[in-house]
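Me: I would like to go through this model and ask what stands behind each label.
Reply: Go ahead, one label at a time.

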Amino acid sequence: KLAAFLREKFAWQNLQPMAIEAYQTVLTEADAAALLAYYETPAGDVTLRVLQPATLKIAKRSEERRVGK
């Protein structure tokens with residue numbers, strides 16, 4: 001039940017409106033277009049596939065150390 005609940009809560013169709021609103025407050029249309037173009041390049045692909053997950057892992061470990069886990 002928990003997995004189904006989490007899948008529903010974090011489904012893209014539920015998160016998309018919040019993401020759009022958040023990004024619209026900090027990015028111009030030109031910024032967004034440039035980012036989309038970048039992520040279509042080989043370097044952008046590596047950023048999405050490798051660097052972002054690694055960064056999240058580092059942040060998680062840092063937070064765990066901070067709270068003493």
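Me: Where does Leu2 sit, and why is Leu2 called exposed?
Reply: This is a predicted model, and in it Leu2 belongs to helix α1, residues 2-9. The relative accessible area of Leu2 is 59%. Exposed means over 50%, so Leu2 is exposed.

Me: What makes the nonpolar surface patch?
Reply: Four side chains make the patch: Leu2, Phe5, Leu6 and Phe10, with an area of about 440 Å². Patch residues need over 30% relative accessible area. Leu2, at 59%, is over that cut-off.

Me: How confident is the predictor in the chain, in terms of average pLDDT?
Reply: The average pLDDT over the chain is 93, and 99% of the residues score at least 70. Among the elements, α1 has the lowest mean, 88, whereas helix α3, residues 29-39, has the highest, 96.

Me: Is Trp12 buried or exposed, and how do you know?
Reply: Trp12 is found in helix α2, residues 12-26. The relative accessibility of Trp12 is 54%. The cut-off for exposed is over 50%, therefore Trp12 counts as exposed.

Me: How far apart are Trp12 and Glu29 in sequence and in space?
Reply: In sequence Trp12 and Glu29 are 17 residues apart, and their C-alpha atoms are 21 Å apart.

Me: What is the volume of the largest pocket, and which residues are closest to its centre?
Reply: The volume of the largest pocket is about 390 Å³. Its lining has 13 residues, of which Tyr23, Leu27, Ala32, Leu35 and Leu36 are closest to the centre. Both α2 and α3 supply at least two lining residues. The largest share, six residues, is from α2.

Me: How many salt bridges does a search of the whole structure find?
Reply: The search finds two.

Me: Why is the contact of Asp45 and Arg49 called a salt bridge?
Reply: Their side chains meet at 2.7 Å, N to O. The definition asks for an Arg or Lys side-chain nitrogen within 4 Å of an Asp or Glu carboxyl oxygen, so the 2.7 Å contact between Asp45 and Arg49 is a salt bridge. Both residues lie in helix α4, residues 42-67, and because they are four residues apart there, about one helical turn separates them.

Me: What are the accessibility labels of Asp45 and Arg49?
Reply: Asp45 has 32% relative accessibility. Partly exposed lies between the 20% limit for buried and the 50% limit for exposed, so Asp45 counts as partly exposed. Arg49, at 52%, is exposed.

Me: What makes the contact of Glu63 and Arg66 a salt bridge?
Reply: The N to O distance between the side chains of Glu63 and Arg66 is 2.6 Å. The cut-off is within 4 Å, so this pair is a salt bridge. Glu63 and Arg66 are three residues apart in helix α4, which means that about one helical turn separates them. Glu63 is partly exposed at 37% relative accessibility, while Arg66 is exposed at 61%.

Me: Why is Ala30 called exposed?
Reply: Ala30, in helix α3, has a relative accessible area of 56%. Exposed needs over 50%, so the label for Ala30 is exposed.

Me: How far is Ala30 from Val67 in sequence and in space?
Reply: Ala30 and Val67 are 37 residues apart in sequence and 40 Å apart in space, C-alpha to C-alpha.

Methods:
Residues are numbered from 1 along each chain as its sequence is written. This is a predicted model: local features need pLDDT of at least 70, side-chain atom pairs count only at pLDDT 80 or more; totals for chains, interfaces and linings use all residues. Side-chain values use heavy atoms; hydrogens and water are left out. Patches are made of residues with over 30% relative accessible area and no salt bridge: like charges are joined within 9 Å, nonpolar side chains (Val, Leu, Ile, Met, Phe, Trp, Tyr) within 5 Å. Accessible areas come from the Shrake-Rupley method with a 1.4 Å probe; for residues, only the protein chains shown count as cover. Buried means under 20% relative accessible area, exposed over 50%, partly exposed in between (1.4 Å probe, protein chains only). pLDDT is the predictor's confidence in each residue, from 0 to 100. On a 1 Å grid over the protein atoms alone, a cavity is a set of points where a 1.4 Å probe fits but cannot get out, and a pocket is an open set with protein on both sides within 12 Å along at least five of seven lines; lining residues have an atom within 4 Å of a point. Grid points are joined across faces, edges and corners, and a volume is the space filled by probe spheres set on the points.
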